[in-house]
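Visitor: I am new to this structure. Please take me through it and tell me the grounds for each term you use.

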Amino acid sequence: MKKIEHIGIAVKSIATSNEIFEKLFGTPAYKTEEVESEGVKTSFFMCGPNKIELLEATNENSPIAKFLEKKGEGIHHIAFDVDDIEAEIERLKKEGFIVLNETPKKGADNKLVAFLHPKSTNGVLIELCQEIAN
């Protein structure tokens, strides 16, 4: 793993939360997009060299909707940048981590993503991110 890629925060409303984070960071979101396969709308903010991703559920079956129902708004996951997501998945499986999706899938912000189950990472959902080559 190279660095923290972003911190994901589950929110009830992107519009309301964007206003809060725009005031907090003094700048608007640099990107907003919907990931239909995950049932989520996202917006991204830069804070120095770091990214914050806000996530709003777009349907009641979305993992974000379930998270909000169970835990309310707040930190949802920490994402790490990797060079080779498939090799990293294999390495982490050998180390005993529970991988939620062994085949990487397209996520937001031009990334391939995979997740590690919080049961194997001290209660923190971990996302692995690899930039998709253009």
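Guide: What follows is a set of questions and answers about a predicted model.

Visitor: How many helices and strands does the protein have, and in what order do they come?

Guide: There are three helices and eight strands. Starting at the N terminus, the order is β-α-β-β-β-α-β-α-β-β-β.

Visitor: What makes the protein as compact as a globular protein of that length?

Guide: The globule rule gives 14 Å for 134 residues, and the radius of gyration of the protein is 15 Å. The two values are close, so the protein is called as compact as a globular protein of that length. Along the principal axes, its C-alpha atoms fill a box of roughly 45 × 30 × 25 Å.

Visitor: What share of the contacts join residues at least 24 apart?

Guide: Taking contacts between residues at least 6 apart in sequence, 52% join residues at least 24 apart.

Visitor: How many side chains are positive and how many negative?

Guide: There are 17 positive and 23 negative side chains. The centres of the two sets lie 3 Å apart.

Visitor: Do β5 and β8 run parallel or antiparallel, and what joins them?

Guide: They run parallel, and four bridges join them. Ile78 stands opposite Ile126 in β8, while the bridge partner of Phe80 is Leu128.

Visitor: Which residue of β8 is the bridge partner of Ala114?

Guide: Leu128 is the bridge partner of Ala114. Strands β7 and β8 pair in the antiparallel sense, over six bridges.

Visitor: Why is β8 called mostly covered?

Guide: Five of the six residues in β8 are buried. A residue is buried if its relative accessible area is under 20%.

Visitor: Why is Thr42 called buried, and what does it touch?

Guide: The relative accessible area of Thr42 is 1%. Buried means under 20%, so Thr42 counts as buried. Thr42 lies in strand β3 (residues 40-47). Leaving out residues up to four places away in sequence, Thr42 touches Ile14, Lys31, Thr32, Glu33, Glu53, Leu54, Leu55 and Ala108.

Visitor: Why is Phe25 called partly exposed?

Guide: Phe25 has a relative accessible area of 23%. Partly exposed covers values between the buried limit of 20% and the exposed limit of 50%, so the term applies to Phe25. Phe25 is in helix α1 (residues 14-25). Not counting residues up to four places away in sequence, Phe25 touches Phe45, Met46, Cys47 and Ile52. Its C-alpha atom is separated by 34 Å from that of Glu86, which is 61 residues apart from Phe25 along the chain.

Visitor: What is the phi of Asp109 and of Asn122, and why point it out?

Guide: Most residues other than glycine have a negative phi. Asp109 is not a glycine, yet its phi is positive, about 60°. Asn122 is not a glycine either, and its phi is also positive, about 55°.

Visitor: Where are Asp109 and Asn122, and is each buried or exposed?

Guide: Asp109 is in the loop between β6 and β7 (111-116). Its relative accessibility is 8%, and buried means under 20%, so Asp109 counts as buried. Asn122 is in the loop between β7 and β8 (126-131). Its relative accessible area is 79%, and exposed means over 50%, so Asn122 counts as exposed.

How values were computed: Residues numbered from 1 in each chain as written. Predicted model: local features only at pLDDT ≥ 70, side-chain atom pairs only at ≥ 80, totals over all residues. Heavy atoms only, no water. Helix = DSSP H or I, 4+ residues; strand = E, 2+ residues; numbered from the N terminus. Rg over C-alpha atoms; globule rule 2.2 N^0.38 Å. Contact = heavy atoms within 4.5 Å. Lys, Arg positive; Asp, Glu negative; His and termini not counted. Charge placed at Lys NZ, Arg CZ, Asp CG, Glu CD. Buried < 20%, exposed > 50% of the residue type's maximum accessible area, 1.4 Å probe, protein only. Pairing = 2+ DSSP bridges.
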